[in-house]
Amino acid sequence: MLKRTAVSFIAFMAATPAFAQSTDDIVVTASGIEQPRDEAGQAITIIDADTIEKRQTIDVVDLLATTPGVRFSRTGGTGSVTGVSLRGAETTQTLVLIDGVKVNDPSGIGDAYDFGHLLTGNISRIEVLRGSNSVVHGSQAIGGVISVMTAAPADGFGANASADYGYSDTLSAKADVSGTAGRISGGIGGAYFRTDGISSAKVGTEKDGYKNFAGNARVKIAFSDALSLDLRGYYIHSDLDSDSFFGAPADSPDVAKLDQYVGYAGLNLGLFGGRFTSRAAVTWLRNDRDYYFVRGTAPDYGYSGTNLRFEYQGVVTPVEQAKLIFGYEHERPDYDFFGFGSTDSQRADIDSVYALAIVQPFAGLSLTGGVRHDDHSQFGGATTLGANANYSPNDGATNFRLSYGEGFKAPSLYQLYDSFSGNAALRPERSKSYDVGVDQSLADGRATISLTAFLRNTTDQINYDNATFTYGNIDRTRAKGVEATLALRPVDALNVTASYSYIDARDRSGRPGFDGKHLPRRAEQAISLSVDYDWSFGLSTGATLTMVGDSFDDAANAVPLDGFALAGIRAALPLGEHLELYGRIDNLFDADYATASGYGVYGRAAYGGVRVKF
């Protein structure tokens with residue numbers, strides 16, 4: 001059924017006037033500096049503040065699921081462990097940034113980032129770069145990069161607040177204030193979420209509640225036109241009632257708590273009329289995770305991961321048509337564990353240098369190429385290369401993209417040093433990623449289409465070896481596929497966006513029983529369609545439909561996960577200049593589905609709220 005729908009969807013998109021990326025769109029994930037999106041040869045999706053507000057989505061992962069190439073798995077309701085895979089890569093191979101700070105957890109088994117606690121709150125922009133890009137971002141950028149950003153301070157003064165309530169006694173509230181006065185700008189915000197939830201275990205009967213508080217702040221001081229200081233901070237505290245995951249999921253009184261601290265302090269200097277700019281920054285991440293078998297007791301076990309980084313980046317612009325980006329980074333991930341009668345503490349040092357050139361030899365053509373070398377205190381060095389091109393023969397109406405990227409992922413401290421399963425001889429995972437695409441715009445930008453084909457080969461992938469009971473570089477995987485996106489605005493009041501992706505991600509390790517199998521929890525096909533309409537009397541209405549194909553829960557492809565379709569509707573009505581009422585219904589048709597076998601999901605749920613803006 002989904003295959004027939006996908007074919008019809010692609011045919012519809014191919015017959016529809018195509019969309020090109022506007023030169024006004026600025027991205028930072030491609031090269032590490034701000035640049036027009038149509039200068040980058042890589043596939044990038046932007047989820048902007050207007051889209052986040054219109055969709056009324058609580059979980060960031062539910063927004064990501066509507067972009068091409070993204071698959072996710074969630075072990076229960078909001079707050080449960082959630083992994084995101086880009087183009088069929090492992091969830092541990094997705095690099096995540098919050099306000100420019102790398103937030104992958106050094107205390108996780110594979111340094112993965114748990115999206116379960118990342119709610120939309122005061123997030124105003126998300127960039128999703130698909131394809132390996134370790135030249136710019138270093139370790140873990142094998143599948144791609146997800147960059148999450150809070151809002152820049154408003155000119156003058158601005159304030160926003162909203163609150164909504166709905167199914168399962170769920171309350172969500174957020175507020176932020178920002179402004180600019182002379183050479184100082186800044187903002188502060190907070191978001192609170194609580195719910196009685198659902199049972200994390202599909203067979204369970206008790207609800208597993210969840211609480212989440214997120215705070216963000218930033219200050220920028222411009223000492224002069226050339227010198228400025230950036231300070232940014234992000235904090236998450238969460239408290240989750242969970243069900244036992246030792247064996248089949250089942251009701252239990254387990255509790256998981258998280259405190260996540262993210263900090264950035266950067267000094268920016270521009271010289272020679274902006275032809276030479278420098279950025280020196282210190283970033284800090286700390287993830288404290290405590291687990292309780294019974295609430296109210298001391299934690300039974302826990303993990304703490306810290307990553308202190310120093311970054312220097314220089315940009316030289318000798319002529320308008322060329323930029324040279326170069327940098328040095330030092331990273332020190334730390335890992336601490338306690339529980340079950342033992343403790344463990346490990347750390348590593350990573351030093352990195354990189355250089356990237358962006359050249360525009362003539363109008364319409366942008367070429368990018370770079371190299372990076374990382375030196376790890378445990379396994380030694382890793383060198384990665386990358387290059388991409390973007391060519392437009394008609395002032396941006398058509399863009400042809402071509403990209404080659406290499407990625408690597410350093411073994412996690414757990415995989416290297418765990419006393420039971422660690423292997424100090426592990427090598428880094430490596431990948432080579434290729435993609436080619438075209439973006440086309442017609443009707444003065446009212447219709448846009450983007451098509452991309454990709455291939456990625458990954459070697460030395462780390463997995464648990466059941467023969468030796470240790471981690472080893474035993475896996476090889478391959479992912480290939482196509483992505484398509486469509487944006488239509490036939491009239492000013494109507495916006496239609498759609499995406500389709502086909503991902504064939506398979507095991508190529510040669511191991512009996514696994515070679516040629518589909519990688520787990522990665523559906524081959526997914527389609528998303530969103531429609532929003534602004535009525536003449538102020539009401540805005542919208543709907544989103546997401547269809548995901550069949551997949552498997554395990555590497556042996558013995559446990560199937562059926563495909564599913566989710567529909568949601570939403571509306572918002574302004575009452576005067578500053579006040580707005582809004583509401584939504586999620587899972588409109590009460591679909592029964594699973595992204596991870598044995599875990600529960602929300603059924604039909606309705607929410608309503610009020611928003612204030614100044």
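1. Pro249 sits in the loop that joins strand 14 (227-241) to strand 15 (255-271). The model is a predicted one, and the remarks below should be read with that in mind. With a relative accessibility of 14%, Pro249 counts as buried, because the cut-off for that class is under 20%. Leaving aside neighbours within four places in sequence, the contacts of Pro249 are Ala201, Val203, Ser244, Ser597, Gly598 and Tyr599. Leu324 lies elsewhere: 75 residues separate Pro249 and Leu324 in sequence, and their C-alpha atoms are 52 Å apart.

2. On the overall fold, the protein chain has 5 helices and 34 strands. Its C-alpha atoms fill a box of roughly 60 × 60 × 50 Å along the principal axes. The radius of gyration is 23 Å; for 614 residues a compact globule would be near 25 Å, so the value agrees with that description. Of the contacts in the protein chain with a separation of 6 or more, 60% are between residues 24 or more positions apart.

3. Burial and surface can be taken together. Of the 614 residues in the protein chain, 54% are buried. As for charge, the protein chain carries 53 positive and 72 negative side chains. The centres of these two sets are 3 Å apart.

4. Which residues have the most contacts inside the largest nonpolar core? They are Leu64, Val84, Leu118, Ile126 and Ile146, in a core of 31 residues. Helix 3 (residues 60-64) gives the most to this core, contributing 4 residues. Apart from this core lies another, of 13 residues, which includes Tyr303, Phe337, Ala348 and Tyr471. As background, nonpolar side chains in soluble globular proteins tend to be buried together.

5. Val84 deserves a separate entry. Not counting residues up to four places away in sequence, Val84 touches Val61, Leu64, Val70, Arg71, Phe72, Glu90, Thr91, Thr94, Phe115 and Ile146. Two of these partners, Leu64 and Ile146, are also listed with Val84 among the residues with the most contacts inside the core of 31.

6. The loop between strand 7 (101-102) and strand 8 (123-130) holds Asn122, and Ala112 is placed in the loop between strand 7 and strand 8 as well. Is Asn122 buried or exposed? Asn122 is buried, since its relative accessible area is 12%. Ala112, at 25% relative accessibility, counts as partly exposed, because that class covers the range between the 20% and 50% cut-offs.

7. Beyond four places in sequence, Asn122 touches Thr150, Ala151, Lys174, Ala175, Asp176, Gly189, Gly190, Ala191 and Asn216. For Ala112, with neighbours within four places left aside, the contacts are Thr91, Thr92, Asn104, Asp105 and Gln140. Asn122 and Asp169, 47 residues apart in sequence, are 22 Å apart from C-alpha to C-alpha. For Ala112 and Gly83, 29 residues apart along the chain, the C-alpha separation is 7.8 Å.

8. Most residues other than glycine have a negative phi. Ala443 is not a glycine, yet its phi is positive, at about 55°; Ala443 lies in the loop between strand 24 (429-442) and strand 25 (447-465). Asn587, also a residue other than glycine, has a positive phi near 50°. Asn587 is in the loop between strand 33 (579-586) and strand 34 (605-613). Its relative accessibility is 7%, so Asn587 counts as buried.

9. Asp465 belongs to strand 25. How many Å separate the C-alpha atoms of Asp465 and Asp239? The separation is 33 Å, for two residues 226 positions apart along the chain. With neighbours within four places in sequence left aside, Asp465 is in contact with Thr470 and Ile474.

How values were computed: Residues are numbered from 1 along each chain as its sequence is written. This is a predicted model: local features need pLDDT of at least 70, side-chain atom pairs count only at pLDDT 80 or more; totals for chains, interfaces and linings use all residues. Side-chain values use heavy atoms; hydrogens and water are left out. Helices (H or I, at least four residues) and strands (E, at least two) are DSSP runs, numbered from the N terminus. The radius of gyration is taken over C-alpha atoms; the globule rule is 2.2 Å times the number of residues to the power 0.38. Buried means under 20% relative accessible area, exposed over 50%, partly exposed in between (1.4 Å probe, protein chains only). Contact means heavy atoms within 4.5 Å. Lys and Arg count as positive and Asp and Glu as negative; His and the chain ends are not counted. The place of a charge is taken as NZ of Lys, CZ of Arg, CG of Asp or CD of Glu. A nonpolar core is a set of buried Ala, Val, Leu, Ile, Met, Phe, Trp, Tyr and Cys residues joined through side-chain atoms within 4.5 Å.
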